[in-house]
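I wanted to go through this model slowly and write down what I looked up, beginning with the whole chain and ending with its aromatic rings.

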Amino acid sequence: MKYLIIFFSALLLTACKKDKETVKDSASTDSLTMAKDSAKTGTASGKIQVDIIPFPKEIKECSCYFARNKADFEAEKYIYADDAGKTAYMKLDGKRLAMNLISSSDMEVDEELTKEIESDNYKISVKGKKIKSEEALLFEGTLTIEKPDGSVETIPIYGECGC
């Protein structure tokens, strides 16, 4: 009888150890799967990623360019630039885009700056107020980005327009 109890005890101990290892392996697999799922959810959640761009080489003369704030502007960390006429440049959701300017206000006439930009996936609105006039006009305002799925991102901006 003693031998029978020892045999079953040994059998139970080895069975329990195998279950623990199996649970440990499935937990690590689940956490890897969870990490992949959360990364996918982050990009599909509607949040629009706005990245810093270098000043576009395509712009040769007059332009407007904006950063998130004065410190970023002085460090040349621009998030938006346009050629004050036809094309606006941004890096959205990891892609550098050249988009068509639909409309732009005449900054010499008014203290307000407005721009409307559209592409296949984004509708962008720039609104600013002149804060300083020198050889270039300094502006503070907001940049609003809309996607067809209804997600909207509004960012404060600081920058200048000039030739």
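My entries below go from the overall fold to one group of rings and a neighbouring topic.

**Entry 1, ground rules.** I am working with a predicted model, in which local features need pLDDT of at least 70 and side-chain atom pairs count only at pLDDT 80 or more, while totals for chains, interfaces and linings use all residues. I number residues from 1 along each chain as its sequence is written, and side-chain values use heavy atoms, with hydrogens and water left out.

I listed the secondary structure and found two helices and nine strands, taking both as DSSP runs numbered from the N terminus (helices H or I, at least four residues; strands E, at least two). Read from the N terminus, the order is α-β-β-α-β-β-β-β-β-β-β. Of the 163 residues, 32% are buried, where buried means under 20% relative accessible area, exposed over 50% and partly exposed in between (1.4 Å probe, protein chains only). I then looked up the accessible surface, which comes to about 11,000 Å², with 56% of it belonging to carbon and sulfur atoms; the areas come from the Shrake-Rupley method with a 1.4 Å probe. For contacts (heavy atoms within 4.5 Å), I noted that among those with a separation of 6 or more, 42% are between residues 24 or more positions apart.

I searched the whole structure for aromatic pairs and found seven. Rings of Phe, Tyr and Trp (its six-membered ring) pair if their centres lie within 6.5 Å, and planes under 30 degrees apart count as stacked, over 60 as edge-to-face and the rest as tilted. F55 and Y65 make an edge-to-face pair, 5.2 Å centre to centre with 90° between the planes. F55 sits in the loop between β1 (50-51) and β2 (63-67), and Y65 in strand β2, 10 residues apart. F55 is partly exposed at 35% relative accessible area, whereas Y65 is buried at 14%.

F55 also forms an edge-to-face pair with Y78, at 6.2 Å centre to centre and 75° between the planes. Because F55 lies in the loop between β1 and β2 and Y78 in strand β3 (residues 78-82), this pair ties together parts that are 23 residues apart in sequence. Y78 is buried, at 8%. Ring pairs link F55, Y65, F73, Y78 and Y158 into a cluster.

S63 lies in strand β2 and is buried, with a relative accessible area of 4%.
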